[in-house]
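User: Hi! I have a chain open and would like to talk it through with you.
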Amino acid sequence: MDETKRPLRIPPEFTMYAEKNEIFSLYERMIQELIVGQPSDPLDHMIDFLHRENDDISQIMIIGPPASGKASIAQLINKESNIQKIDTDELLTVDTEQVKRARGCLENDVDIPGDTLGALVKERVSKKDCADNGWMLVGYPKTRDQALALQRHGIFAKHVVFLESPDMVLIERFMGKRVDPTTGDIYHLTFEPPESPDVTRRLKPVENQSEKFVRKRLLHYHRNIEGVRSAVQNGSTKIIKRGSAKNGRVRPSLPFPVPAAQIRCSAVPEGYIAGPRGRWQGNTGRILAAKYGLVNVSMVELIKQAIADNSKIGNMMS
């Protein structure tokens, strides 16, 4: 770079080097560390931070609507990579005043206050297993207040994963969801039933398993997700759309270095009804469409519409 020339021109080799070695992201994390921590001796604090800094340690948020598969994905990642999963159960295991306040909020169907959540998460991620293996925060933040409070407590995810799926698919997933109380593994009666009959016999429905409950949760999610998204989208962000996979499976390309895992999810139902004339195919299609919120594509109606529109295909049919 020639300092005698104005404006200063940064050689492209410098930019390539910085991107290859993640200099910009390191600089961003250093600034965050200083602003959040506000140390009395910034230089010593930065030296200690650089000693602790390890880019191989994953710091992840997995966010999505109810029944979108957050827990299933987190469980698979944990088994494959030993990244520590942090969810509601994990945060509320100890018996402290902050945990009691958080439990009271959940019992009264109120969001956990941001500062309470931030303090709980900060305490958890500071433990040795998270420092050594990394962490993934599952299902949080749920509101913009929680997202900003996490940042005030120094919780910045390097990677944020948003799961998306149609509401009808989520409702169907939620209603068929079952939990093995012995292992904590999650199954679905239709899309992911257990292979062992013994496991099938001990499966239990999840708490508050009703369509009214999940619709209320979906409404809360849709009201808050844009605020959450705008607050946390400052790192590597990945949106995984679930519900359009063939055979109920997708293999997402996750934005962090963990072994790829086969993730199961419910597929958007697609099918056709065929049979001899007079076998009630039309009525069956209308009943299924009304019950499950599907789009009923009737060939008879399509042909009538094509004839009425005087289209090329309609003229061939008339």
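User: How much accessible surface does the chain have, and what share belongs to carbon and sulfur atoms?
Analyst: About 20100 Å², with 54% belonging to carbon and sulfur atoms; the areas come from the Shrake-Rupley method with a 1.4 Å probe. This is a predicted model, where local features need pLDDT of at least 70, side-chain atom pairs count only at pLDDT 80 or more, and totals for chains, interfaces and linings use all residues. Residues are numbered from 1 along each chain as its sequence is written, and side-chain values use heavy atoms, with hydrogens and water left out.

User: Thanks! How many helices and strands are there?
Analyst: The chain has 15 helices and ten strands, taken as DSSP runs (H or I, at least four residues; E, at least two).

User: Switching to rings, how many aromatic pairs does the count come to?
Analyst: One aromatic pair, with ring centres required to lie within 6.5 Å. Phe-174 and Phe-213 are stacked (planes under 30 degrees apart), at 6.1 Å centre to centre and 25 degrees between the planes.

User: Which parts does the pair tie together?
Analyst: Phe-174 is in helix H10 (residues 167–175) and Phe-213 in helix H12 (residues 211–232), so the pair links parts 39 residues apart in sequence.

User: Is Phe-174 buried or exposed?
Analyst: Phe-174 is buried at 7% relative accessibility, where buried means under 20%. Phe-213 is partly exposed at 22%, a class that runs from there up to exposed, over 50%.

User: And which ring has the charged end of Arg-229 over it?
Analyst: Phe-162, with the charged end 4.5 Å from the ring centre; the rule asks for NZ of Lys or CZ of Arg within 6 Å of the centre and within 35 degrees of the ring normal. Lys-142 also lies over a ring face, that of Tyr-140, at 4.9 Å from the centre.

Conventions: Phe/Tyr/Trp six-rings, centres within 6.5 Å; stacked < 30°, edge-to-face > 60°. Buried < 20%, exposed > 50% of the residue type's maximum accessible area, 1.4 Å probe, protein only.
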